[in-house]
Amino acid sequence: MIAKLIGKEADMERLDSAFARVTRGVGSLFLVQGPPGCGKSTLLDSAVERARARGATAHRLYTLARTSGQSLDALRELAELPDLSAEARDRLGRALDKNASPQASAAVRRAALACFVELVSGGPAVIALDDIDDMDRASLDVLLHVVHQLRDDAVVFLLSACTFDLPHARYSRNSLLRLPWADHIRLRRWGRGEVAMALAHCTGRSAPRSLVDKFLAITNGNPVLVQAAVEDHRDLSGGEPTGAGPLRPQVGGAFDQAFLACVRRAGSFAQSVAVALAVLGADASLPLLALLLSAPKAAVAKSLQTLEDGGLVRGLHFSHSAAATLILDDADPELCAQLHGRTAQLLHNKGADAAAAGHLVRSGTLDADWQLPVLEAAAQRALERDDAHTALELLDFALRAWTDERARSRLAARLAVVASRVDPAAAEEHLTVAVSAALAGSSFTADSELLVNSLLLNGRAEDALNVLGLKDERPAVSRIKTHAATMWSALVGLPHTKTTEEDDSGALPLGEPALLVATPLWSPGGLPQAEAAARLLETSPLTDALIPALANAIKVLTFTDRVAEAREWAHRLLQEAEYRNVVGWELIFLVLQAEIALFQGNLPVAQSLAARVAQESPTSMIGVGARSLQILAHTGMGQYVAASHLLDQPVPSHLFGTVNGLGYLFARGRFYLATGSLHEALDDFRSIGRLAASWGIDNPALLPWRLVAAEAALRVGEREHAEHLLTEQAKAGATANSRTSGAILRLRAEMAHPGARPPLLYRAIELLQLSGDRYELARAYVCFTQTFEQLNLRQRAVAMRQAASALADECHALPLKQELRSQGAIPQQRTPGPAWPGPPSTTPSELSTSELRVAVLASRGLTNREISANLFITVSTVEQHLTRVYRKLGISRREDLALNLPESA
C-alpha cells in the first residue's frame with residue numbers, strides 16, 4: 001500500500017492542532033474539499049485514527065454519502081447506524097415516518113440532534129462525514145442545524161465534499177464556511193515529487209525519473225489512480241514496476257476500476273457529463289454537451305473542471321485511452337442509445353452529417369427520413385478512404401433498421417459491393433438478400449439496375465433474369481443480353497450504333513458472357529472489345545464501381561491474345577490492392593493471374609495462385625472459380641488424386657444458377673475426360689450447353705463447350721456427333737480467339753487422314769503460338785508427332801517429339817510426357833528445348849522472298865489458285881515458284897513444306 005498521507009502532511013498538522021484543542025473543550029469544523037481520487041476519504045480515515053490515539057471518541061460515518069437524492073434520505077441512513085442506541089434510532093425513525101413535508105419537521109430536527117448528542121456525549125469527539133455535497137437538501141439543512149447547536153461542545157466535525165454543483169449544496173457550503181470556527185482544507189493532485197515518493201514507498205528504492213514520468217502521464221497525479229496503476233503494473237511485471245516500455249493498465253484491472261470510481265465520486269451531474277462526453281467522443285464541444293444534457297453551459301463547464309481537477313479529463317478528452325469505453329460500458333445502455341440518437345440529431349441540425357452517422361448506428365434505431373441518406377453518404381466517404389469495415393458497419397445497420405423493401409434491396413446490393421472488399425462469401429449472401437427484397441418490391445426501380453449489374457458481374461444469370469422480369473415481359477434471352485450490353489458498354493464508354501437486332505425501343509446490341517478458362521467475362525455484341533478494354537485500364541482508377549469492369553477488361557485482353565498486356569495489368573492492380581489492404585480485390589487479381597497462367601499453360605503457377613484464393617475464400621464464387629482453376633491445373637499435370645479431392649468438396653447450392661457454374665462443369669468435365677470417365681465428361685459439357693441456351697448466352701465464340709464435347713464424343717466413338725459439334729463450334733469464325741481456333745484445328749487434324757493433317761496442324765501451331773498457350777501448343781505437337789509416326793517420317797517425328805517433350809516439361813504436363821513415351825523413346829533434349837522445331841540443319845540454298853511467300857501460303861493449305869489471288873500473280877508463276885522451292889528444300893510433296901521452311905518464315 002502506498003503511504004496514505006503523501007502530500008497531506010501540512011493538513012494533518014492542522015488537524016492534530018484541532019484534536020489537541022478539542023481535548024481542552026474547544027470544538028472546530030473542517031470542510032475537506034478536493035477533486036475525486038485526491039484522498040479526502042484517506043485524510044478522514046487517518047484523522048479518525050489519530051483522534052482516537054489522543055483519547056477522543058471518533059465516529060466515521062460512511063453511509064451518509066450513499067444516498068439516492070430523496071428527501072431526508074441521508075437521515076434515514078443515520079437512523080440505522082450501529083453506533084447509536086436502539087432508543088435513539090427508533091426515535092429518529094418514528095419522526096422521519098411522520099414527516100409529511102419535503103422539509104424536516106421540528107420533531108425530525110430534535111431527533112437528529114439527539115442522535116448526534118448521544119454520539120459526542122462520551123467526551124471530546126470527532127465526527128467524520130464523507131461526501132456531504134451528495135446529501136439531499138433537507139438532510140443538509142438538518143446537518144447545519146446540528147453543527148450550530150453543538151458549536152459550544154468539544155466536537156471536531158470533519159466534513160468532506162468533492163463539488164457543490166447543486167444550488168442547495170453551494171448554499172450549505174457557504175453557510176458552513178461562514179462559521180467562525182470553520183476551516184477549509186483543499187486537496188490537490190500529486191506532482192512529480194509526490195509520485196516519486198509513492199513509487200519509492202512501494203518499491204523500497206528511488207524510482208528513475210523516466211518511470212515517474214510514465215506514472216504521472218497515465219494518472220495525471222491522481223493519488224487513487226497512481227496506486228491502482230502501481231498495482232496493475234506490479235502484477236504484469238511480477239514484482240515491482242519497471243521502466244521498460246509504456247505503462248499499459250490491465251483491462252478491467254485496478255486502474256480501470258479506480259477510474260470509474262473517481263468519475264462516480266465527482267458527483268451525479270459530473271458523472272452525467274462524463275457519460276455525455278464519452279458518447280460525443282471526437283465531436284465533443286461545450287455547447288454540444290450543454291444541448292445534449294439540456295443544461296446551462298456554466299454548469300457543464302463546472303463539472304468538466306471538476307473532472308479535470310481530478311486528472312480524469314484534459315479539456316474535452318479523457319486522460320485514459322480506454323475511459324470512454326469504460327464509462328459507456330458502466331452506464332445504462334438505453335440511456336447511451338438515447339444520447340447517441342440525440343447527438344446524431346444535433347449534429348445533423350448543424351450540417352455535420354459525417355459525424356452524425358456513427359451516432360445513428362450506436363442509437364440502434366432509424367426513425368426519420370434524413371437518416372438513411374446520411375448513413376449511405378458516410379459509407380461512401382469511408383470507402384473513398386479504403387475503410388471498408390466502417391462502410392460495412394454503416395450499411396449493415398441501415399439494412400437492419402430500415403423497413404422499406406425498395407431501399408433494402410439497394411442497401412443489400414451496396415453491401416454486397418462493399419463486402420466483396422473483405423469477404424466475397426458475405427458479399428454473395430448480401431446479394432441473395434437483395435434479390436429477395438427486390439422481388440418483394442414487385443417493381444423494377446433505379447436501385448434494381450444496380451442489383452442486376454452486381455448479379456451479372458457475379459455470374460448469377462438466373463437471379464438477374466428474375467429481377468429483370470420485373471421490368472418487362474420480353475423473352476428472358478433478350479432481357480439479359482440487352483442489359484448486359486448496356487452495362488458493359490457503359491463501363492468501357494463504347495459508342496452505340498443501331499443494328500438490325502435493335503427493336504423500336506432502342507435496345508442496345510446484345511451482350512453475352514464468355515468463359516476465359518473457368519470464370520466469366522462479359523462482352524457486348526458477342527465480340528470482346530480489346531481496344532476499349534485497354535483504354536479502360538489505362539484511364540480508370542481502382543474503385544468499387546469500376547473493379548468489375550477492370551477485371552473484365554483484363555479478361556478481354558487475355559481472350560483476345562494480348563496475354564502479356566493482361567498479365568502486366570493484373571500484376572499492377574494486385575500491387576495496388578495489396579498497398580490499399582483491400583483483401584477482396586487482392587483475391588480478384590490473384591485469381592486473374594491464376595487464370596492467365598493457366599491460359600498460357602503454366603500449370604504449377606496457376607495451381608499455386610488459385611490455391612491461395614480458394615483457401616482464403618473457399619465458399620464464395622471467386623473461391624469456387626479458383627477451385628475450378630486448381631482442378632484444371634491438377635488435371636493437366638496428371639495429379640488426379642488432388643483434383644479428385646477438390647471435386648469432393650461441397651459447392652454452393654446456387655452454383656449452377658450462375659455462369660461460374662459453367663466453369664466448374666468445364667473443369668470437372670476435363671477431369672472426367674482425362675481419367676477415362678468419358679460419358680460423364682460428355683454429360684458435363686452438354687450441361688454447359690443446356691444452361692447457356694436457357695439463359696440465351698450459348699455463343700460458340702465465347703463459350704466453346706462444343707470443342708471439348710467433341711473431343712469426348714470422338715473418344716467414345718460418336719464420330720458423327722463430334723463432327724457436328726465441331727461444325728457448330730467453327731461457326732464462330734473470326735470471332736473466336738487464337739486459342740480456341742488453334743484447338744479446333746488440332747482436333748480436326750486428329751479426325752482427318754494422316755496425310756491431310758500437316759496443314760491443319762501447322763495453322764493450329766501458328767495460332768496457338770499467337771495465343772501463348774504452351775499446354776495447347778504441346779498437345780498440337782504431340783498430335784504432329786503421332787502424324788509423322790503414322791506417315792513413317794521418323795526423323796521429323798523425332799524432332800517433333802523433342803519439341804513436344806520440351807513444352808510438356810515446361811507445363812509440368814505429365815500425361816503428355818507419358819503419351820509421348822508410349823509412342824517411342826524421347827531423344828535427348830537440348831536445353832532449353834525449342835518452342836518450334838526448326839528446319840533441317842542445312843538447306844540446299846536460300847529461298848527468295850517471292851518463293852518464301854508462295855511456300856508459306858502453300859504450307860497453310862491454300863491451293864495454287866488461292867495463292868495466285870492472294871499475291872496477285874498468275875497460277876503459272878505460283879507453280880514455278882513451288883518447283884524451285886521443292887528443289888532447294890529437297891522435298892517432293894506439298895505436305896512436307898511445313899517442317900522444312902526456314903524458322904523465320
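1. Is Asp11 buried or exposed? Its relative accessibility is 11%, so Asp11 counts as buried, the cut-off being under 20%. The residue sits in helix H1, which covers residues 9-22. Setting aside residues up to four places away in sequence, Asp11 touches Ile185 and Leu187.

2. Now the whole chain. Please keep in mind that this is a predicted model. The chain has 905 residues, and 54% of them are buried. Its secondary structure comes to 43 helices and nine strands. Take the contacts in the chain with a separation of 6 or more: residues 24 or more positions apart account for 66% of them.

3. Look next at Arg52. This residue lies in helix H2, residues 40-53. Arg52 has a relative accessible area of 46%, so it is partly exposed. Leaving aside neighbours within four places in sequence, Arg52 is in contact with Ala58, His59 and Arg60. The contact with Ala58 can be given in detail. A polar atom of the Arg52 side chain lies 2.9 Å from the backbone oxygen of Ala58.

4. Arg52 and Val126 are 74 residues apart in sequence. In space, their C-alpha atoms are 8.6 Å apart.

5. Arg779 belongs to helix H38, residues 774-790. Is Arg779 buried or exposed? With a relative accessible area of 15%, Arg779 is buried. Apart from neighbours within four places in sequence, Arg779 is in contact with Arg670, Glu711, Arg746 and Leu816.

6. Two helices can be viewed as a pair. Helix H35 spans residues 719-730, and helix H36 spans residues 738-751. Their axes come within 11 Å and cross at roughly 150 degrees. Angles over 145 degrees count as roughly antiparallel, and H35 and H36 are therefore roughly antiparallel to each other. Their crossing is left-handed.

7. Which residues of H35 and H36 meet? H35 brings Arg719, Ala722, Glu723, Leu726, Thr727, Gln729 and Ala730. H36 brings Thr740, Ile744, Leu747, Arg748 and Met751. The residues of this contact divide into six nonpolar, three polar and three charged.

8. Most residues other than glycine have a negative phi. Asp131 is not a glycine, yet its phi is positive, near 50 degrees. Where does Asp131 lie? Asp131 is in the loop between strand E3 (125-129) and helix H6 (137-149). Its relative accessibility is 7%, so Asp131 counts as buried.

9. The other angle belongs to His812. This residue has a positive phi of about 60 degrees, although it is not a glycine. His812 lies in the loop between helix H39 (794-811) and helix H40 (814-823). Is His812 buried or partly exposed? Its relative accessible area is 48%, so His812 is partly exposed.

Terms used: Residues are numbered from 1 along each chain as its sequence is written. This is a predicted model: local features need pLDDT of at least 70, side-chain atom pairs count only at pLDDT 80 or more; totals for chains, interfaces and linings use all residues. Side-chain values use heavy atoms; hydrogens and water are left out. Axes are lines fitted to C-alpha atoms, for helices over the stretch in contact, and angles run from 0 to 180 degrees between N-to-C directions. Helices (H or I, at least four residues) and strands (E, at least two) are DSSP runs, numbered from the N terminus. Angles under 35 degrees count as roughly parallel, over 145 as roughly antiparallel, 65 to 115 as roughly perpendicular and the rest as oblique. A crossing is left-handed if the near helix is turned anticlockwise from the far one by less than a right angle, and right-handed if clockwise. Contact means heavy atoms within 4.5 Å. Ala, Val, Leu, Ile, Met, Phe, Trp, Tyr, Cys and Pro count as nonpolar, Asp, Glu, Lys and Arg as charged, and the others, Gly among them, as polar. Buried means under 20% relative accessible area, exposed over 50%, partly exposed in between (1.4 Å probe, protein chains only). A polar contact is a pair of N or O atoms within 3.5 Å; within protein, one must be able to donate a hydrogen and the other to accept it, and residues adjacent in sequence count only if both atoms are side-chain atoms.
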